[in-house]
Structures are given as structure tokens and as C-alpha cells.
Amino acid sequence: MIFALAGNQNCGKTTLFNQLTGSNQHVGNFPGVTVERKEGVVTRAGRGAIPRLWHRMRQEERHRAFHEAARDNALREARDAMREAHEDRRRLGEIRVVDLPGIYSLSPYTNEEIVTRDFLLDSHPDGIINIVDATNIERNLYLTLQLIELHIPMVVALNMMDEFRANGGTIKIKKLSEELGVPVVPISAVKNEGIDELIHAAAATAAARQLPARLDFCSGAVHRCIHAVAHLVEDHAERIGVPPRFAATKLVEGDAPMMERLALSENEKDMVEHSVTEMEQELGTDREAALADMRYCFIDDLVRTAVVKPGESREHVRSVRMDAVLTHKYFAIPIFLAIMLLIFWLTFGVIGSFLSDLLSTGIDAVTASVSSALGAYGLNPVVHSLVIDGVFAGVGSVLSFLPIIVVLFFFLSMLEDSGYMARVAFVMDKLLRKIGLSGRSFVPMLIGFGCSVPAIMATRTLSSERDRRMTILLTPFMSCSAKLPIYAMFTMAFFPSHRALVMICLYAGGMAVGVLCGLVLKNTAFHGKPVPFVMELPNYRMPSPKSVFLLLWDKAKDFLTRAFTVIFIATIVIWFLQTFDTRLNVVAAGGEASMLASFGRFLSPIFAPLGFTDWRASTALLTGFSAKEAVVSTLAVLTGTNTATLPAALAGIFTPAAAVAFLTFTLLYTPCVAAVAAVKRELGGGHAAAMAVCQSGLAWVVAFFVYRAALLFV
Amino acid sequence: MTLDQLGVGNSGIILKVGGAGALRRRLLDMGLTPKTRVMVRKVAPMGDPIELHLRGYELTLRLEDAREIELEAEEDAQ
């Protein structure tokens with residue numbers, strides 16, 4: 001049995017999904033778009049009782065078939081009937097839930113809405129679980145009314161009932177259920193109350209194929225119009241497997257994709273338009289407003305009879321009070337920056353670095369013992385180097401990112417689940433609108449200053465695909481913390497008295513280039529209207545530990561998968577290029593003869609216009625692709641120096657103007673392999689490669705101009 | 001008057017929702033339908049967007065989008 005879980009944003013859908021499935025979930029994408037598709041198997045004890053009902057019904061049918069076939073001596077058919085019965089038992093014993101994106105309507109505008117519609121219409125789930133926030137019931141029921149039109153067995157899970165009741169509100173569940181024509185189960189996803197009852201109700205409804213008992217929520221002109229159109233398009237709708245009623249309502253709303261799907265004749269289109277025009281004239285309003293109004297009027301009436309609302313809920317009062325400070329005219333931005341600084345400090349300074357150090361100590365210990373074991377075994381030195389310098393060093397260095405990612409996502413999920421992230425978007429929106437984004441993109445970009453990898457992963461919270469793509473492309477311009485050692489080394493060598501100034505210029509320069517790119521993207525590739533920024537500010541809530549934990553687990557798993565696939569291969573390739581020369585001989589220490597160095601030499605003329613022709617500089621940039629920290633260590637290895645003596649050696653390679661150009665290039669060129677892998681995960685390989693190439697080209701151009709300008713001053 | 005002109009703490013009854021396409025549909029879907037009462041709760045620190053209170057919940061809207069909503073101000077300013 002497959003259930004679709006549908007509901008608004010911020011109504012506790014993820015919490016319910018986690019309660020239903022536990023850690024038994026699989027995260028992927030809906031085909032063609034990067035809208036997250038989570039699927040899980042219900043593991044709760046309560047599930048046992050459910051399918052029995054349906055199962056027994058079906059089993060009787062199968063047994064009858066078996067006996068009939070056996071009586072007719074048709075052994076093969078009897079066997080088939082038996083096998084099918086077993087199949088059924090297995091399939092029914094398992095309840096799968098697909099978590100659909102949080103949406104407010106089934107209109108054809110955002111990817112999330114389209115994905116939900118297509119899934120419900122094309123994948124034929126056995127039932128819909130519609131989660132409704134009892135504390136915000138009017139707006140939530142708006143989606144419910146549209147889901148009912150899909151004519152799929154459905155159950156309403158009335159969430160946050162604990163909060164609603166605690167505030168003195170009551171809901172006549174029976175009345176609500178009767179009026180809507182679908183079962184209604186009060187639950188509290190956070191407190192894990194009512195979940196078993198919900199599973200039972202859902203399974204029983206689906207097993208009995210109990211369709212919503214009521215389709216008409218309209219009256220007067222809208223009613224007449226929908227009925228006329230439904231009658232007209234019935235055959236078309238049934239042919240393509242869309243409920244006629246749903247098709248009719250969408251046509252009346254002026255839904256272009258549905259019009260196309262139904263393939264109406266010109267004559268039929270005219271008749272639909274005629275009915276709609278008649279309705280519009282009668283009501284004195286247009287089609288879209290008429291239907292929205294019709295639904296909300298029904299809901300208003302229903303709420304008036306079935307719901308006794310509490311005056312002002314405690315949670316709402318608390319939220320308003322918190323917002324008085326957190327979105328205050330003068331305090332909002334300083335508080336936000338302070339929170340982000342604290343998170344950065346804790347992540348990169350305290351917890352993250354402690355855990356990272358701990359992990360790398362562990363990895364070093366394992367590496368050392370493996371290394372000595374392999375040495376004692378007398379393994380071929382090249383294979384030994386592959387295992388130790390390639391695999392262990394490469395994957396080890398990437399693994400040391402893991403604690404930082406987990407800690408950062410812990411804080412991020414707290415911000416997101418508590419409702420604060422929506423406030424950040426509200427406060428910062430005006431700033432980002434200029435480059436065609438919304439306030440929601442601010443946090444991922446800010447994380448980019450720490451590390452591009454979690455920043456790119458964090459764009460998942462953006463609700464618009466256009467914004468998400470654009471944010472991913474712009475995030476690498478926020479100079480990540482791994483580039484800091486490069487800046488530190490170069491400023492020490494060339495600008496010892498203006499270190500801070502140079503660093504500030506670099507960071508500001510990265511942001512400036514990012515803003516320019518944003519403006520260019522906005523007017524070219526991302527032309528067209530962004531998704532409207534009409535966003536709910538939910539009440540502040542305590543994040544559910546289970547949801548936070550599951551998110552961390554998911555992110556860690558995601559990152560580890562990449563560490564052991566894309567990044568693993570990339571590190572081996574880099575090791576190979578560093579270890580062998582072009583005739584596949586192992587190179588001596590220092591690696592001057594390696595393929596990578598040859599490649600560096602080959603590339604160095606490209607950097608001549610930027611002022612640095614030394615092959616060691618271009619080789620360092622190449623290794624910087626594996627991790628930005630590697631730029632400094634490569635320069636140290638190739639010049640035969642250490643951290644203390646490197647600044648002096650750098651002065652022999654770069655002129656001050658060339659150093660500025662080198663820093664500019666490092667600031668802007670392709671992000672490291674881990675970040676590119678993250679982009680690949682979100683946007684696909686083609687986009688990731690294009691991004692890496694475009695950024696390197698852009699870095700070259702900017703560095704060129706910076707070099708020319710610097711020559712005038714130095 | 002239009003919604004963007006309504007001062008903080010004031011409320012009004014929606015008369016008409018303008019605009020087109022995704023924006024308009026979104027406004028209607030979120031419950032900004034004619035005859036609905038809305039209150040302007042707050043203006044963001046940089047002067048835009050605004051925070052509204054309607055149908056028992058909080059909604060943010062950019063001023064340019066709020067301009068599409070016509071309403072009649074209520075006298076009783078809070």
C-alpha cells in the first residue's frame with residue numbers, strides 16, 4: 001500500500017513522516033527536478049492490524065480462484081492464483097509513505113505544486129494522508145478541498161491538537177469529518193499521539209477503496225459552471241485517467257497545463273470559455289478569484305460550525321513577543337549577525353575543529369598502522385603509496401570535513417525548524433532582491449564563507465528551483481574558510497603591514513563579483529519572473545529532536561556517499577598525476593618531474609598575462625582543486641620550504657602585483673572537488689563542469705585586470 | 001487605497017486582488033481573498049517586505065506585491 005503525505009509547509013509534515021517511518025527512509029529527487037522525494041516504510045507496531053482487513057478480502061478472492069482452478073484441473077492457473085495471494089500478502093504487509101513537498105495549493109505554478117499534482121494523478125497512490133495544522137485550520141483546509149477533488153481515498157490528520165486543546169480550542173471531529181466527507185483523525189506528531197489511529201484509519205480507508213463522500217463544496221454560479229464543464233470534459237478526463245471533477249475545476253480556474261492535457265477540441269474549448277464567462281459575469285469577479293473565494297467561503301462556514309477557536313494561543317503570543325525583538329527595526333540585523341557569528345565560532349572554532357582534530361588523529365593513527373603493516377608485508381612501494389598517499393590521505397582529508405558539516409547542519413536545522421529562518425528571509429529580503437533572489441538565499445550564502453559544501457547542501461531549503469540554482473552558482477564566490485591559509489601566507493609574504501586590509505578586500509571582492517554575476521544571471525540564464533515572495537511566518541516552535549537527528553543522519557550519509565565515490569576517484573587521479581611522470585616512472589620526492597608538474601608547466605603560459613609564469617604556481621593551483629589548503633602545502637613542497645621559510649621563497653616566485661593577481665585568481669577560480677561534487681548532486685554533472693570552467697575563466701579575467709591595475713600602484 | 005499604504009498596526013478589508021499569473025494565484029491561495037480582514041503587523045528593518053496578520057496567521061509580502069491588493073481601511077487603528 002502506498003500513501004502520499006500531503007500538506008502545507010510548517011504544518012508538521014516532516015515530523016509526522018519521521019514518526020511514521022523512523023529511520024526507514026530513502027531520499028531522492030522527483031524525476032527531472034530537484035524537488036526532494038522522501039519515501040519510507042511504516043515500521044510502527046500499529047501497522048500490523050491494518051492490511052488484515054483488505055488482505056482478508058483479497059485473500060478470499062484468491063482462494064476462490066485457486067479452488068476453481070484446482071477443480072478444473074488447471075494446475076498452472078491454481079499455482080498462479082496461489083502465488084498472487086502470497087505476493088499480495090507481502091505487498092499489503094508493507095505500508096509505504098511518500099512525503100510530498102509542502103504546498104498551499106494545487107495550482108500549476110511552482111515545481112512543488114506540479115510535482116505533487118503529477119504524482120497524485122499518475123502514480124495512483126492507494127490513499128492520501130492530508131496533514132492539517134489545527135492551529136491554522138482555515139488556510140490548511142484550502143489544500144484539503146483541492147485534494148478531495150482528486151477522488152482518491154483520503155484521511156485528514158489534524159495535527160497540533162495538543163497545542164490547540166491546551167489553548168482552550170475544541171474541534172467537532174465528527175462534524176468536520178461529515179462535512180468534508182473524509183475521515184478525520186486528531187493527532188500530535190511531535191508528541192507521537194494518535195499516530196497509530198491515523199495508520200489504522202488510512203489503511204482501512206484505502207483497503208475499502210472508500211472515496212471522499214463529498215465533491216461539491218460550491219454553490220450558485222460556480223457550482224453551475226463546474227458542473228457544466230465537468231459534463232463536457234468527462235470523456236476526455238476519463239481517457240487520460242484524471243478525475244473529471246478535478247479536471248473541470250482546474251479548467252474553470254484557467255489552468256493551462258490541464259487544458260493541454262485534456263486535448264479538447266476548439267469547439268469544446270469555446271464552450272468551456274463560454275461557461276466561465278457566464279459565471280464571471282454573474283459573480284462580477286474573475287475565474288481565479290471566484291474559485292478561491294468559493295473554497296474559503298465554504299471553509300469559513302465549516303469553521304464557524306465545527307471549530308471553537310481559542311482566543312489567542314500562547315504560542316502565537318510568544319511568537320509575537322519574540323518577533324518584537326528578533327525582527328525589530330534596529331536589533332534584527334545585529335542579532336542575526338551575532339547568531340551567525342556564534343554558529344560559525346562554535347562550528348569552525350570550538351566543536352567542529354575539536355571533532356575534526358579528533359577524527360584526523362584517528363585517521364592518522366589508522367593510516368600509520370596500515371602503512372607500517374603494508375611496509376612489513378613488503379608491498380610494492382607504488383601500491384603502498386596509492387593506498388596511503390592516495391586513498392587514505394585523500395579520503396581522510398575529506399572525512400575531516402564531516403564533523404563540521406554535521407555540527408553546522410545541527411545549528412541550521414535548529415534555525416529552520418524553530419521558524420527563525422523564515423524571519424531571516426523576511427529581514428534580508430530587500431538586500432537580495434536586487435540580484436533577483438529572495439531573503440531565503442541569504443543563509444546558504446552566508447554558510448559559504450565557512451564551507452561551500454554544506455552551503456550548497458543547504459540550498460535544499462529554498463522553495464523555488466530557480467532561486468536554488470542561482471544560489472548554488474553564486475555561493476562559491478563567498479570565500480570559504482579553506483582559502484584563509486592561502487591568504488594568510490601571501491599577505492605575510494608580501495603585505496605584512498596591510499594584512500587585514502588585503503583580506504577584507506579579498507572577501508569584499510568575492511562578494512562584489514558574486515553580486516555582478518547575480519545581476520548577469522538574473523538578466524540572462526535566469527531571466528523571467530522569480531517565484532513570488534509570499535511567505536508564511538510560522539509560530540516559533542521547539543524543533544523535534546527526532547527530526548533534527550534524522551536530518552543530520554541524512555546529510556552525513558549524503559556527504560559520505562560522495563566522499564567515497566566522486567571525491568575518492570578524484571583524489572586517486574590527483575595522486576596518480578603527482579606520483580608518475582609522463583613515462584609512468586615514479587618521480588623523486590618534491591615531484592618536480594611528475595605529470596602534474598608537467599601539466600603545470602604546460603599551463604603556466606596561460607598565467608603569464610597575470611604576472612606569474614612559474615610552473616610551481618600553476619601546479620599549486622591544480623592541486624588546489626582537491627582542497628584549497630593544498631595550494632599552500634604544494635607550494636611548500638615544490639619550493640622545498642616549510643611554513644616558516646615559505647614567505648621568503650614566495651618572494652622569489654611572485655612580484656607583489658603578481659601575488660595580488662594570484663590571490664584574486666585563488667579567490668574566484670573553481671571550487672574544490674568536494675564542492676563541485678555537491679553541485680553535481682544538486683544540478684547534475686553538466687552544470688557542475690560548466691560552473692567550474694566558467695568560474696576559472698572569470699577568475700582569469702578578473703585577475704588579469706587586477707594585475708594590470710596593481711602594476712600601476714606597485 | 002492599496003495594502004502597501006496601510007500603516008503598521010492598522011487593518012482593512014480586502015476589496016480586490018489584482019496582479020496576474022503565479023503571484024495573483026499565490027495571493028488568493030494564501031487566503032487574501034475579497035472580504036478578508038488583514039492587519040499590517042510590521043515592516044522589515046530595511047523598509048520592505050511587510051508582515052501581515054490574516055486568518056489567524058502571519059504572512060510576509062513585498063510592497064510591490066501589496067500594491068496589487070485594494071482594500072478599505074478600518075477606522076479603529078490599534
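Predicted model: local features only at pLDDT ≥ 70, side-chain atom pairs only at ≥ 80, totals over all residues.

Colleague: What percentage of chain B is buried, and what does the word require?

Modeller: A residue is buried if 20 or more other C-beta atoms lie within 10 Å of its own. Of the 78 residues in chain B, 49% are buried.

Colleague: What share of the contacts in chain B joins residues 24 or more positions apart?

Modeller: Among contacts in chain B with a separation of 6 or more, that share is 54%.

Colleague: Which elements build chain B, and in what order do they run?

Modeller: Chain B has two helices and five strands. From the N terminus on, they run β-α-β-β-β-α-β.

Colleague: How do you know that β2 and β3 of chain B pair?

Modeller: Pairing needs at least two bridges between the strands. β2 (residues 37–43) and β3 (residues 50–54) of chain B have five bridges, in the antiparallel sense. So they count as a pair. In one of the bridges, V43(B) has I50(B) as its partner.

Colleague: What makes β10 of chain A a partner of β4 of chain B?

Modeller: The same test applies, with at least two bridges needed. β10 (residues 535–537) of chain A and β4(B) have three bridges and run antiparallel. They therefore pair. E536(A) stands opposite L59(B) there.

Colleague: What order do the strands take in that sheet?

Modeller: The sheet is open and has six strands, ordered β10(A)-β4(B)-β3(B)-β2(B)-β1(B)-β5(B), with antiparallel pairing.

Colleague: Why are β10 of chain A and β5 of chain B at the edges?

Modeller: Each has a single partner strand, so one side of each is left without a neighbour in the sheet. From one strand to the next, the twist averages 40°. A helix packs on this sheet too: α18 (residues 420–433) of chain A. It touches β10 of chain A together with β3 and β4 of chain B, and its direction makes about 125° with that of β10(A).

Colleague: How many residues does each chain give to the contact between chains A and B?

Modeller: Chain B gives 30 residues and chain A gives 29. On the chain B side, α1 (21–29) and β4 (57–61) each give two or more. The largest share, eight residues, comes from α1(B). By class, the chain B side has 14 nonpolar, five polar and 11 charged residues.

Colleague: Now chain A. What makes the pairing in its seven-stranded sheet mixed?

Modeller: Two pairs show both senses. β1 (residues 2–7) and β4 (residues 96–99) of chain A run parallel, joined by four bridges. β3 (residues 36–41) of chain A and β4(A) are antiparallel, also over four bridges. R96(A) takes part in each pairing: I2(A) stands opposite R96(A), and V41(A) has R96(A) as its bridge partner. K38(A) stands opposite D99(A) in β4(A). The open sheet has the order β2-β3-β4-β1-β5-β6-β8 (chain A), with mixed pairing.

Colleague: Which strands of chain A are its edge strands?

Modeller: They are β2 (25–29) and β8 (184–186) of chain A, as each pairs on one side only. The twist here averages 25° from one strand to the next.

Colleague: Where do the domains of chain A lie?

Modeller: Domain 1 covers 2–42 + 95–207, and domain 2 covers 220–308. Their centres, over C-alpha atoms, are 24 Å apart.

Colleague: How many residues does each domain give to the contact between them?

Modeller: Domain 1 of chain A gives 17 residues and domain 2 of chain A gives 18. On the domain 1 side, α5 (137–148), β7 (170–171) and α7 (173–180) of chain A each supply at least two. The largest share, five residues, comes from α5(A). By class, that side has nine nonpolar, three polar and five charged residues.

How values were computed. Residues numbered from 1 in each chain as written. Chains lettered and ligands numbered in written order. Domains from an automatic or database assignment. Contact = placed C-beta atoms within 7 Å. Nonpolar A, V, L, I, M, F, W, Y, C, P; charged D, E, K, R; others polar. Axes fitted to C-alpha atoms, helices over the stretch in contact; angles between N-to-C directions. Buried ≥ 20, exposed ≤ 12 C-beta atoms within 10 Å, placed from the backbone.
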